[in-house]
Amino acid sequence: MTTAVSSSSSIRDLAVRAKQAARTLRSLPTVQKAEALRAIAAQLRLREDVILAANARDVQAALAAGLPGHMVDRLRLDARALEGIASDVEAVSRLPDPVGESSAARTLPSGITVRQVRVPLGVLGVIYESRPNVTVDTATLALMSGNAVILRGGKETVHSNAALEEAIHAALHAQNLPAGAVQVIRDPARERMLELLRLDDLVDAIIPRGGAGLHRFCVENATVPVIVGGIGVVHLYLDGSFVQEGPDVQKAADIVLNAKTQKPSACNALDTLLVGRAALPKLPEVVRPLLQAGVTLKADPESLAQLAQAGLDAQPAADADYGTEFLALTASLKVVEGLEEALDFIAEHGGHTDVILTRDDAQAARFMQDVDSAAVMVNASPRFNDGGQLGLGAEVAISTQKLHARGPMGLRELTTSKWVVQGDGQVRS
C-alpha cells in the first residue's frame with residue numbers, strides 16, 4: 001500500500017508509477033475497466049466499518065480545530081453516504097466509454113486515410129479540499145477514462161483518504177491492475193503539492209477543486225497545465241414576464257430558494273439575483289422564502305425599499321457584494337432596467353452558471369446566445385450544473401476556463417484525441 005510521502009523523490013516516485021500505470025490503463029478494454037469499478041464498489045461496502053472509523057477521526061479533529069461548519073459537513077461520512085458513493089461508482093461503470101471513439105475516416109488526395117481517435121489524457125493530478133467522496137469519484141472517473149491519477153486531499157481528510165485508497169488498491173490488486181493507477185499523497189504539507197505541480201515531465205494535467213486561493217496557487221506555481229474551475233459568481237435574472245401569474249411567482253420563489261439553500265456551499269449555488277424592473281413588485285413574494293430559510297440578503301436601494309414596504313428585512317449592499325462568490329447563506333440583489341442591463345452586468349461579473357427566468361422566448365434566446373458562461377439555463381435552478389444532474393454520471397470538477405473542457409468534467413472531458421494516419425507508401429511532395 002502507498003505510505004505517507006515526505007520528500008520530493010517520493011512524489012516523483014508516485015508520478016513515475018502513475019506514468020507506468022497509465023500505459024496499462026490506456027489500452028484496457030471497457031469491460032475490464034467496468035469490472036475494476038465494480039470491484040471498488042464491493043470493497044467500499046466490505047470495508048464500511050474501517051472507512052467510517054477513519055472518517056470519524058477526521059471529523060473529530062476538524063471539530064477540535066474549529067473548521068467551519070460547511071467544511072465539516074462536506075467531510076462527514078455515514079453508512080448511507082458511503083453506500084451512495086459505492087452506487088455512484090457502479091453508475092460510472094455503466095457509462096459509455098469515450099476512449100477509442102473515432103471520427104469518420106477520410107481519404108485525402110494524397111491517398112492517406114486520416115481520422116481522430118479519443119484517448120486518455122494520461123496522468124492527472126487532482127488537488128481538492130475536505131470531501132472524501134471526491135477521492136472515489138475522481139479515482140473511478142480516471143480509471144474508466146483510462147487515466148492514472150495522483151490525489152492530494154486536504155489535511156482534514158488524511159485518515160478518510162488513506163482508508164479509501166486502501167479499498168481502491170485492494171480492488172485493483174484483485175483485478176491484476178497496477179496500484180500506481182490511483183495514488184493518494186498522504187502528507188498534507190503544501191510543499192508536497194508544490195512538487196506535484198512542477199512534475200511536467202510526468203504529469204499531464206492538474207485539476208484543482210476548491211476555493212479561489214487554491215486555484216490561484218496552482219496557476220501561479222504549476223509548470224503542469226492547470227484546468228481551472230469551480231469558482232465564479234452565479235447569477236439569476238428574473239424577467240417581468242415570468243411573474244405575471246400566481247403559479248409562476250411560486251415557481252420563481254421555488255427556483256430561487258433551491259438555487260441558494262439546497263447546498264449553499266456549492267460552487268453552483270446562487271450568488272446574485274438580478275431583478276428586472278417589471279418584476280420588482282413581485283420581489284417580496286419571490287424572496288420571502290429565502291429570508292424564512294435564514295438567508296442574508298444584501299440589496300441595492302431599489303430592492304431594499306421594495307422589501308421594506310413589504311415588512312421584509314435586508315441589508316444595504318456594498319459594491320463588493322456584487323461579483324462575490326458567497327458559498328454561504330448570503331445573496332445579493334440588484335434591480336436592472338431589463339435584459340440588456342442584466343447581460344451587461346453578467347458579462348462583467350459572471351462566468352460560472354447564469355440563469356434567466358422568463359416567458360419571453362426571444363429574451364431566452366438572446367440570453368442563451370449572449371451569456372458566455374460554463375452553463376446557461378432557462379427557467380431552472382443553477383444547481384443542475386453538475387455532472388450527475390447533466391447525465392455525466394459524476395464529475396472531477398466544473399471547469400470555468402475555455403480551453404479543452406468547460407462545465408462539468410466527466411469521462412469525455414478527461415480524454416483528448418490523436419490523429420491516426422494510414423497509407424501505403426505515400427511520401428510528401
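In what order do the three strands of the open sheet with antiparallel pairing lie? The order is β1-β2-β16. The structure is a predicted model, in which local features need pLDDT of at least 70 and side-chain atom pairs count only at pLDDT 80 or more, while totals for chains, interfaces and linings use all residues. Residues are numbered from 1 along each chain as its sequence is written, and side-chain values use heavy atoms, with hydrogens and water left out.

Helices (H or I, at least four residues) and strands (E, at least two) are DSSP runs numbered from the N terminus, and two strands pair if DSSP finds at least two bridges between them. In the three-stranded sheet, β1 (106-107) and β16 (415-422) are the edge strands, each pairing on one side only. Strand β2 (residues 113-120) is joined to β16 by eight bridges, and the two run antiparallel. P120 has T415 of β16 as its bridge partner.

A second open sheet, of four strands, shows parallel pairing in the order β5-β4-β3-β6. Because β5 (182-184) and β6 (205-209) each have a single partner strand, one side of each is left without a neighbour in the sheet. Neighbouring strands of this sheet are turned by 20° against each other on average, direction ignored; axes are lines fitted to C-alpha atoms, for helices over the stretch in contact, and angles run from 0 to 180 degrees between N-to-C directions. Five bridges pair β3 (residues 123-128) with β4 (residues 148-152) in the parallel sense, and I127 has R152 of β4 as its bridge partner. Helix α8 (residues 190-197) packs on the sheet and touches β3, β4 and β6, contact meaning heavy atoms within 4.5 Å. The direction of α8 makes about 150° with that of β3. Helix α9 (residues 212-221) lies across β3 and β6 and runs at about 160° to β6.

Two helix pairs were examined. Helix α3 (residues 48-64) packs against helix α7 (residues 158-174) at an angle of about 160°, with the axes 7 Å apart. The two helices are therefore roughly antiparallel; angles under 35 degrees count as roughly parallel, over 145 as roughly antiparallel, 65 to 115 as roughly perpendicular and the rest as oblique. The crossing of α3 and α7 is left-handed (the near helix is turned anticlockwise from the far one by less than a right angle; clockwise is right-handed). In α3 the contact involves V50, I51, A54, N55, R57 and D58, and in α7 V158, H159, S160, A163, L164 and A167. By class, this contact has seven nonpolar, three polar and two charged residues (Ala, Val, Leu, Ile, Met, Phe, Trp, Tyr, Cys and Pro count as nonpolar, Asp, Glu, Lys and Arg as charged, and the others, Gly among them, as polar).

The axes of α5 (residues 79-93) and α6 (residues 132-144) come within 10 Å and cross at roughly 15°, which makes α5 roughly parallel to α6. Their crossing is right-handed. I85, V89, V92 and S93 of α5 meet N133, V136, T140, L141 and M144 of α6; the contact has six nonpolar, three polar and no charged residues.

One aromatic pair is found in the whole structure. Y322 and F345 pair edge-to-face, at 5.8 Å centre to centre and 85° between the planes (ring centres of Phe, Tyr and Trp, its six-membered ring, within 6.5 Å; planes under 30 degrees apart stacked, over 60 edge-to-face, the rest tilted). Y322 lies in the loop between β10 (315-316) and β11 (330-336), and F345 in helix α13 (residues 339-349), 23 residues apart.
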